[in-house]
Amino acid sequence: MEPASPAPLFPGVPLLDDLELVRLGLLAPDAVDLPRGTATVVDAEGVPVAEVAEDGALTWLSARSSRPFERWHLDDAGVELPAALVDDPAALAEIPDGTRTLVVLASVDGDDNQRDLDLVRAVRRATDDGGYALRVAPVGLAAPDRQQRVEQLRAALAGDHGTVHDLTGRGEPAAYQGQGQGVVVLLSGLSGSGKSTLARALRDRLVEDQGRAVSLLDGDVVRRHLSAGLSFSPEDRETNIRRIGWVAAEIARHGGTAIASPIAPFERTRQDVRAMVEGRGGRLVLVHVATPLEECERRDRKGLYARARAGEIPDFTGISSPYEVPTDATLTLDTTGQDVDPLVDQILAALELPAITD
């Protein structure tokens, strides 16, 4: 009986970018942190890209799925020299005379890449205006040992006698404004802290007073439609929060407003949500609803805290599982003895949303 084939491995966009550079002969295989053992590397759509043998040898299977700006990506044809490497629009004012090709360093595969997509668009406009050729090299901000990758790419493209100018690191592009920057309000805190009440009141104010379209990602609704089948284990609860973050980030990508109020007790998961939102060009407003545990227990009409203290509910945040206080909250609110409207006023002030004009 033959052994079962290993499960396909999606290693993430940075490693796929590295493998592409290896395939083109622009990066040495030993510079890449390959998976251990035999593996079939697939892209985000499940297309097999490469086979990794037990000894680390690579066999190329197929090209990655099509990406934005695919026709400008580096290929086997190489680059017309002299060339210049750029990774921000500020470099476009410093292109040396005689340059024929602009090689923009950007990773445009995946969802969390709005910054790089904006960058390629800006460089493409410069190539159209200046008569340069355009090539896209898959070296994003998340690339491992990025500065080393830049130098390796420059040397490989230049070869023995060519010239490739390194114009990287000159600045940062402006925030994405393509659809009007979307915003995600994430209210995080203990059960009973008042998160859901604030979320609903904020939604109502935005709809009633400002005429905005708002998506309220209510916990029960999300559980019914998006996360049906997930349990309340620690792993599934974190999966639920990441799903909420993914949907909220997609709403923000298109200029919308999303409000979510999960407990979201762990810093790493909240940072994952932030990366999804900001990677898509949105803005995350993190509100820590810091109502003390004693007050949350006092309000508990369902008796959840009592059951948790009796050991009937495992991994209950605040009792048998920790809540990691955010270090990057936009706003911290304690709802103890407070009316809702003044607290919502504070959130609205933090949002700084532009007025809607007819």
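Start your tour by selecting Gly-25: this residue comes after helix H1 and has a positive phi, near 75°. Keep in mind as you click around that the model is predicted.

**Stop 1: helix H1**

Now step back and select H1 itself, residues 13–23. Is this helix out in the open or enclosed? Nine of its eleven residues are buried, so H1 is largely enclosed by the rest of the structure. To see which ones, colour Val-13, Leu-15, Leu-16, Asp-17, Asp-18, Leu-19, Glu-20, Leu-21 and Val-22, the buried residues of the helix. Next, bring up what covers them: the cover includes strands S1 (39–42), S2 (48–52) and S3 (58–60), along with helix H3.

**Stop 2: the whole chain**

Zoom out for a moment. Along the principal axes, the C-alpha atoms fill a box of roughly 75 × 65 × 30 Å. The chain has 358 residues, and 46% of them count as buried. If you take contacts between residues at least 6 apart in sequence, 69% of those join residues at least 24 apart.

**Stop 3: a four-stranded sheet**

Select strands S4, S5, S6 and S7. What order do they take in the sheet? Read across and you get S6-S5-S4-S7, an open sheet with parallel pairing. At the edges sit S6 (133–137) and S7 (164–166), each of which pairs on one side only. Neighbouring strands here are turned by 25° against each other on average, ignoring direction.

Zoom in on S4 (residues 83–86) and S7, a parallel pair joined by three bridges.

**Stop 4**

Which residues make the contact? On the H4 side, show Thr-197, Leu-198, Ala-201, Leu-202, Arg-205, Leu-206 and Gln-210. On the H10 side, show Val-340, Asp-341, Leu-343, Val-344, Asp-345, Ile-347, Leu-348 and Leu-351. Colour this contact by class and you'll find ten nonpolar, two polar and three charged residues.

**Stop 5: Ser-321**

For the last stop, go to the loop between helix H9 (304–309) and strand S12 (331–333), where you'll find Ser-321. Is Ser-321 buried or exposed? Its relative accessibility is 13%, under the 20% cut-off, so Ser-321 counts as buried.

Who are its contacts? Setting aside neighbours within four places in sequence, Ser-321 touches Phe-266, Asp-315 and Phe-316. Finish by drawing a line between the C-alpha atoms of Ser-321 and Pro-265: these residues lie 56 apart along the chain, and the two atoms are separated by 8.9 Å.

Note on methods
Residues are numbered from 1 along each chain as its sequence is written. This is a predicted model: local features need pLDDT of at least 70, side-chain atom pairs count only at pLDDT 80 or more; totals for chains, interfaces and linings use all residues. Side-chain values use heavy atoms; hydrogens and water are left out. Two strands pair if DSSP finds at least two bridges between them. Helices (H or I, at least four residues) and strands (E, at least two) are DSSP runs, numbered from the N terminus. Axes are lines fitted to C-alpha atoms, for helices over the stretch in contact, and angles run from 0 to 180 degrees between N-to-C directions. Contact means heavy atoms within 4.5 Å. Ala, Val, Leu, Ile, Met, Phe, Trp, Tyr, Cys and Pro count as nonpolar, Asp, Glu, Lys and Arg as charged, and the others, Gly among them, as polar. Buried means under 20% relative accessible area, exposed over 50%, partly exposed in between (1.4 Å probe, protein chains only).
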